[in-house]
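Colleague: I would like to learn how to read a model like this one. Please take me through it.

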Amino acid sequence: MHKAVPKALLFDLGGVLIDIDFNRVFRAWQSKSRLSFEELKQKFKFDIPYEQHERGETSSTQYFRHLMSTLELDDDLAHVANGWNAIFVGQIEETVAAVQTMRDILPCYVFTNTNAAHMETWSKLFPDLVATFEHVFASHLIGLRKPELQAFAYISQQIGVSANSIAFFDDSLENVTGANHAGLLGTLVRSPQDVKNALQEYGFSI
């Protein structure tokens with residue numbers, strides 16, 4: 001049972017509010033690579049260039065050229081970009097409905113590790129979802145990414161709510177652990193029911 005009652009809710013985007021599938025990316029790239037589908041999966045890494053891309057330290061074009069080299073993709077930026085943006089499947093409707101209920105009770109925010117190409121895509125695909133929130137904190141715009149403690153401190157300062165009064169929902173254990181270390185009330189999300197259960201434990205009827 002959670003003892004604290006949050007004053008703000010902070011949600012991850014991909015995996016919590018939007019269903020994502022990296023296999024869709026690899027399938028899209030396969031026709032322009034000498035590597036097989038399985039080889040693409042094995043060679044793709046959440047490496048330093050990936051993190052730099054998410055902090056806005058490198059452009060999408062620069063990152064895509066890195067992918068061309070490491071994944072042996074043909075020199076076709078448009079194809080790489082289309083594959084990269086194929087990751088989004090659709091909204092996770094149960095969680096979105098929970099947010100729409102809670103936004104009348106508490107301010108709701110998003111904190112997503114993302115990049116310029118992805119943000120442009122999900123903003124166009126899910127404009128109503130984006131508009132549901134008070135603000136969307138995107139890693140590449142603030143120069144900070146989860147699970148960095150400084151990232152959570154920045155958001156706490158920006159929204160004017162102490163860290164220990166922010167309920168945070170993410171599908172990454174690493175990110176939830178980082179949030180907890182920063183003082184937030186972290187919940188690991190494996191399904192929409194995890195979000196509902198946490199909100200009910202906080203005392204909200206949903």
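Modeller: Start with the surface. The protein has an accessible surface of about 9,800 Å², by the Shrake-Rupley method with a 1.4 Å probe. Carbon and sulfur atoms hold 48% of that area. This is a predicted model: local features need pLDDT of at least 70, side-chain atom pairs count only at pLDDT 80 or more, and totals for chains, interfaces and linings use all residues. Residues are numbered from 1 along each chain as its sequence is written, and side-chain values use heavy atoms, without hydrogens and water.

Colleague: What percentage of the 206 residues is buried?

Modeller: Buried means under 20% relative accessible area (1.4 Å probe, protein chains only). Here 49% of the residues are buried.

Colleague: What does the radius of gyration say?

Modeller: The radius is taken over C-alpha atoms, and the globule rule is 2.2 Å times the number of residues to the power 0.38. For 206 residues a compact globule would come near 17 Å; the protein has 18 Å, which agrees. Its C-alpha atoms fill a box of roughly 55 × 30 × 25 Å along the principal axes.

Colleague: Which residues of helix α1 are buried?

Modeller: Helices are DSSP runs of H or I, at least four residues; strands are E runs, at least two. An α-helix has 3.6 residues a turn, so residues three or four places apart point the same way. In α1 (residues 22–30), Phe22, Val25, Phe26 and Trp29 are buried. They fall within an arc of 95° seen down the axis, so they line one face. The arc uses directions from the helix axis to the C-beta atoms.

Colleague: What do the buried residues of α1 pack against?

Modeller: Their partners are β2 (18–20), α2 (37–43), α4 (60–70) and α5 (77–84). Contact means heavy atoms within 4.5 Å.

Key
Buried means under 20% relative accessible area, exposed over 50%, partly exposed in between (1.4 Å probe, protein chains only).
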